[in-house]
Structures are given as structure tokens and as C-alpha cells.
Amino acid sequence: MFRFAQRGAIEYLEAEAISALDFVTHAFCTRLGGVSEGPFSGLNTGFLVGDRGEDVRRNLALIGEAFAIPSERLVLMGQVHSGRIVILDGDAPPPGSIPECDGLITDRPEVALGIRTADCIPLLFVDRVRRIIGVAHAGWRGTALRIASRMVDLFEKRFSSRVEDIMIAVGPAIGVCCYQVDGPVYSAFSLWLGVESFLHPCPEAGRWMLDLASANRIELTERGAPAGNVLSAGHCTACRREIFFSHRASLGCTGRQLNFIMLRDGGC
Ligand SMILES: [Zn+2]
């Protein structure tokens with residue numbers, strides 16, 4: 001189950017089963033609580049969308065203050081709809097951003113992994129036994145590239161995680177109610193097992209409705225994740241534009257909400 005919560009002016013969603021773990025902090029921020037204006041109004045964290053840079057920096061600072069994340073400890077991705085995943089380990093200071101990747105994994109405490117979205121799915125991962133965290137950006141391309149499974153692969157390979165210990169939160173994203181796609185997207189999924197449960201024909205020829213959250217859930221359970229470990233937010237960003245940024249519902253002119261997870265030092 002997910003629930004809305006608030007810190008200062010910032011309203012966010014949290015997955016209750018992850019909030020129950022005392023060694024992580026996470027949030028799926030909404031657009032509520034920031035200083036941006038116009039089409040970016042609220043808590044926009046995207047620098048490349050046309051918003052004022054000073055407002056975006058202020059919004060990131062507000063999130064940092066609310067969740068006790070020093071600004072130099074937040075790592076963001078230059079998201080490119082790829083399957084590339086970067087592992088952050090070692091003692092070097094964390095980079096502020098990593099260009100061209102769509103997944104991050106770390107075992108380092110006090111490093112917040114962030115992902116910015118406005119319709120695409122933010123996936124947050126946590127190995128509750130080994131205390132490893134990750135984030136991934138899953139739009140239709142990343143989903144079709146099976147980035148969710150690639151994350152699990154790396155958890156296992158690099159950190160000896162067991163898939164049954166990994167919890168995955170599927171954050172707010174565009175829902176099947178609003179996500180109409182065309183032939184190339186259909187082709188990317190047409191051979192998937194269970195495709196009929198997440199790609200539905202439209203009355204309009206050559207169009208389908210894509211349920212990205214279900215596609216990722218199926219991908220993860222096929223990969224071995226217990227169904228109970230895959231937690232879905234279930235809010236459609238396009239239906240709820242007053243709460244979330246939605247690229248599609250705003251015809252491309254909008255902000256990006258921040259989703260993040262961080263390991264805490266000294267949890268027990
Ligand atoms: Zn919708």
C-alpha cells in the first residue's frame with residue numbers, strides 16, 4: 001500500500017512496506033510544495049524543461065531540507081531511455097549527476113539516488129537483508145529493454161542479493177486509462193509473455209492502451225520477484241495533473257517530480 005505524507009510544504013507518496021524499514025528514506029514527491037511557476041508550478045526538479053534554474057535549485061534544496069539530504073549527496077541521472085545501469089560504490093564522493101544512464105545502485109549510506117519523472121515509471125529497489133538500494137527509469141523503452149530485470153541481475157551479481165529479499169516500489173506514472181501507444185510500441189512488446197494483460201487494443205486501428213505498471217510487475221515476477229514484493233502506487237499522473245507532472249497531459253510543457261531512496265547510516 002502507498003500513502004500520502006507531508007514534510008514541510010512537500011507532499012509525497014510513500015510505500016508503507018519500505019517506510020517500515022528503518023534503514024532507508026524514500027519518497028515519490030508530487031508537484032506540491034515548491035516555488036516554480038507557470039507550467040512548472042510547484043516542485044519541479046527538471047533543469048531541461050524550460051523552468052528557471054534558480055527555482056529548480058531552490059526546489060531541490062527544499063527537498064534536501066525536508067528529508068535531510070545534503071545537496072552533494074543527491075545523485076541524479078541524465079535519463080536517456082536506455083538500459084544502462086551504474087553502480088556507485090567505493091569511497092569517492094558521489095557525483096552530483098551521471099549522464100546517460102537509467103538505473104543506479106548503491107550500497108553506500110547517505111547517498112540519495114534520484115530519478116525525475118513526468119509519466120514514466122520510477123522504480124525504487126531495496127534489498128532488505130543486504131541493505132542495497134537502487135532506482136530505475138522505466139518508460140516504454142526502458143520497460144521493453146527489461147531494465148527492471150537488469151536491476152535484479154546486478155543486485156544478484158554484484159551484491160549477492162537474493163531476488164526474494166528485494167522489494168520494488170512502482171511509483172506513480174501514466175496509467176492505462178491515458179497511455180495510448182502506436183505500432184512501434186506495440187511491436188516492442190508483442191512477443192512478451194502475458195502481453196494481453198498489459199497492452200489492450202483500442203477502437204481506433206493501430207492504437208493500443210499500454211499499462212506500464214503491469215508490464216513491469218509481470219517482468220519482475222517472471223524474473224522471480226515474489227508478487228508481494230512488487231508494490232504499485234496506482235496513481236495516474238495524467239489523470240491527476242493537479243498533483244503530478246504529466247508530460248503527455250501537458251503536451252510536453254511541464255516539470256519533473258523527484259523520486260528518491262537513500263540508505264541511512266546507523267539503522268539497525
Ligand atoms: Zn489516467
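1. Let's start with Ala188, which is partly exposed: its relative accessible area comes out at 28%, and that falls between the 20% limit for buried and the 50% limit for exposed. Bear in mind that this is a predicted model.

2. Where does Ala188 sit? You'll find Ala188 in helix 5, which covers residues 183-189. Setting aside neighbours within four places in sequence, Ala188 is in contact with Trp140 and Ala144. Ala188 and Trp140 are 48 residues apart along the chain, with 8.6 Å between their C-alpha atoms.

3. Now for the aromatics. How many aromatic pairs turn up in a search of the whole structure? The search gives eight. One to look at is Phe189 with Trp192, an edge-to-face pair with 5.1 Å centre to centre and 75° between the planes. Phe189 and Trp192 are both buried.

4. Trp192 also pairs with Phe198: the ring centres are 5.7 Å apart and the planes meet at 70°. Why is this pair edge-to-face? Because its 70° angle is over the 60-degree cut-off for that class.

5. Are Trp192 and Phe198 buried or exposed? Trp192 has 7% relative accessibility, so it counts as buried, the limit being under 20%. Phe198 is buried too, with a relative accessible area of 0%.

6. Two more spots to check while you have the model open. Tyr12, Phe67 and Phe260 form one aromatic cluster. Then there is Arg131, whose charged end sits over the ring of Phe23, 4.3 Å from the ring's centre.

Technical notes. Residues are numbered from 1 along each chain as its sequence is written. This is a predicted model: local features need pLDDT of at least 70, side-chain atom pairs count only at pLDDT 80 or more; totals for chains, interfaces and linings use all residues. Side-chain values use heavy atoms; hydrogens and water are left out. Rings of Phe, Tyr and Trp (its six-membered ring) pair if their centres lie within 6.5 Å; planes under 30 degrees apart count as stacked, over 60 as edge-to-face and the rest as tilted. Buried means under 20% relative accessible area, exposed over 50%, partly exposed in between (1.4 Å probe, protein chains only). A charge sits over a ring if NZ of Lys or CZ of Arg is within 6 Å of the ring centre and within 35 degrees of the ring normal. Helices (H or I, at least four residues) and strands (E, at least two) are DSSP runs, numbered from the N terminus. Contact means heavy atoms within 4.5 Å.
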